[in-house]
Amino acid sequence: MKKNLLALLLTVIISFSLKAQNPIIKDIFTADPAPIVHKGTVYLYTGHDTASVTATNYKMPDWHVFSSKDMVNWKDHGVLLSPQTFSWATGDAYAAQCIERDGKFYWFVSTFHKSNADSKGGSAIGVAVSDSPTGPFKDAIGKALITHEMTTDTKHGWKDIDPTVFIDDDGQAYLFWGNGSCKWVKLKKNMIEMDGQISVFKPQNYIEGPWVYKREKLYYLVYASAGTKPEMIEYCTATNPAGPWTYRGIIQKNVPNSFTTHPGIIDFKGKSYFFYHNGSLPTGGSYRRSICVDYMYYNPDGTIKEIVQTTE
Ligand code: FUB
């Protein structure tokens with residue numbers, strides 16, 4: 001009897017200590033989570049909010065990488081990339097996503113182009129490359145992959161942000177991005193050149209922060225939306241990454257204390273995880289955000305159950 005009680009106590013203690021507490025990164029303010037799984041480890045690529053408590057805009061100097069083998073203990077690998085790595089870039093380090101191909105890690109980032117800095121925008125997407133998920137990373141191209149002059153949004157320099165990259169089972173890579181409307185283009189195998197024309201479409205309630213992935217036979221396009229302010233997370237599915245995309249509904253309603261949110265999704269050790277950000281750390285807010293994670297569940301038809309954020 002005593003033995004059974006001890007075993008129960010141990011189980012409770014172990015399961016309690018294995019629970020990550022949201023937000024999962026507490027030492028610095030982080031935003032725009034982009035997780036990948038590589039060789040049994042989760043690597044979490046993040047933006048870094050450094051604005052003051054009274055600030056009314058972002059101050060995002062660099063990107064960090066964190067890693068975890070258990071989704072509970074996170075190691076900060078520090079600043080592994082900043083706009084300064086790109087000779088053509090200036091300004092903030094907006095949302096980014098890293099993907100592995102043939103042993104190389106391609107980190108697609110949104111930042112701003114020097115030549116457009118005076119127009120308060122000039123958003124641009126660059127690519128950094130490394131042989132390791134934790135760097136060192138260098139500019140893979142020497143110029144921006146996407147600038148807003150290449151797209152239809154020539155008048156608005158904030159629109160070409162938030163890259164998400166996806167490699168299909170046949171090896172074809174796709175880049176999706178955009179604020180206001182969603183754009184996509186195929187990438188060549190080298191991951192640093194476009195392969196064809198840029199297409200533009202507008203998923204229902206779409207604002208920004210796309211995240212594209214495939215599960216079983218279905219493609220998912222998950223994004224920050226704003227039926228009402230602040231942002232929520234909604235999604236579409238398709239049977240082809242080129243679309244057409246069918247609107248499927250809300251994944252997560254408004255997060256506390258932040259008018260933006262941003263999705264990042266992985267499967268790890270048999271479970272599905274949904275990363276996002278909110279402003280829930282003490283002194284946090286829309287420009288001092290924090291990354292959180294919750295379990296994600298699918299219905300038998302592939303639709304996603306609504307996620308209610310937890311504090312544990
Ligand atoms: O973090 C800066 C911007 O806010 C991102 O690029 C958007 O997705 C939103 O989270």
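**Group meeting: a walk through the predicted model**

The element names come from DSSP runs, H or I of at least four residues for helices and E of at least two for strands, numbered from the N terminus. Glu-216 has a positive phi of about 50 degrees although it is not a glycine. Is Glu-216 buried or exposed? Glu-216 is exposed, because 6 other C-beta atoms lie within 10 Å. The cut-offs here, with C-beta atoms placed from the backbone, are 20 or more other C-beta atoms within 10 Å for buried, 12 or fewer for exposed, and partly exposed in between.

A word on where this comes from. This is a predicted model, in which local features need pLDDT of at least 70 and side-chain atom pairs count only at pLDDT 80 or more, while totals for chains, interfaces and linings use all residues. Residues are numbered from 1 along each chain as its sequence is written.

How confident is the predictor? The chain averages a pLDDT (confidence in each residue, from 0 to 100) of 91, and 88% of the residues score at least 70. The model also scores ipTM 0.98 and pTM 0.92. One stretch deserves a caution: over residues 5-18, pLDDT stays under 50, and the model has 2 contacts there beyond four places in sequence. A contact means two C-beta atoms, placed from the backbone, within 7 Å. Where pLDDT is low, predicted coordinates should not be read in detail.

Now the overall fold. The chain comes to 1 helix and 21 strands, and 45% of its 312 residues count as buried. Among contacts with a separation of 6 or more, 47% are between residues 24 or more positions apart.

Back to positive phi for a moment, with Met-71. Like Glu-216, Met-71 is not a glycine, and its phi is about 65 degrees. Met-71 lies in the loop between E3 and strand E4 (75-81). Met-71 is buried, because 20 other C-beta atoms lie within 10 Å.

There are also two cis peptide bonds to point out. Asn-22 and Pro-23 are joined by one, with omega about -5 degrees, and Pro-23 belongs to the loop between helix H1 (2-17) and E1. The bond from Gly-243 to Pro-244 is cis too, with omega near 0 degrees, and Pro-244 sits in the loop between strand E17 (232-238) and strand E18 (246-252).

Let's move on to strand E8, residues 123-130, where 7 of 8 residues are buried. Which strand pairs with E8 over 8 bridges? That is strand E7 (residues 104-113), antiparallel to E8. Pairing here requires at least two bridges found by DSSP. Across this pair, Tyr-106 stands opposite Val-129. E8 also pairs in the antiparallel sense with strand E9 (residues 138-139) over 2 bridges, where Ala-128 has Asp-139 as its bridge partner. Finally, 2 bridges join E8 to strand E10 (residues 146-147), again antiparallel, with Ala-124 opposite Thr-147.

Tyr-106 leads us into the core. The largest nonpolar core has 79 residues, and Tyr-106 is one of those with the most contacts inside it, alongside Tyr-45, Trp-107, Phe-108, Val-109 and Val-222. Such a core is a set of buried Ala, Val, Leu, Ile, Met, Phe, Trp, Tyr and Cys residues joined through C-beta atoms within 7 Å. Nonpolar side chains tend to be buried together in soluble globular proteins. Beyond four places in sequence, Tyr-106 touches residues including Cys-98, Ile-99, Val-127 and Met-191.

Why is Ile-265 counted as buried? Because 22 other C-beta atoms lie within 10 Å. Val-222 is among its contacts beyond four places in sequence, as are Trp-211, Tyr-213 and Phe-274.

Last stop, the ligand. The shell has 13 residues, the closest being Tyr-94, Ala-95, Gly-209, Thr-260 and His-262; the cut-off is a C-beta atom, placed from the backbone, within 6 Å of the molecule. Strand E1 (29-38) and strand E15 (206-215) each supply at least two shell residues. The shell divides into 5 nonpolar, 5 polar and 3 charged residues. In that count, Ala, Val, Leu, Ile, Met, Phe, Trp, Tyr, Cys and Pro are nonpolar, Asp, Glu, Lys and Arg charged, and the others, Gly among them, polar.

Methods:
pLDDT = per-residue confidence, 0-100.
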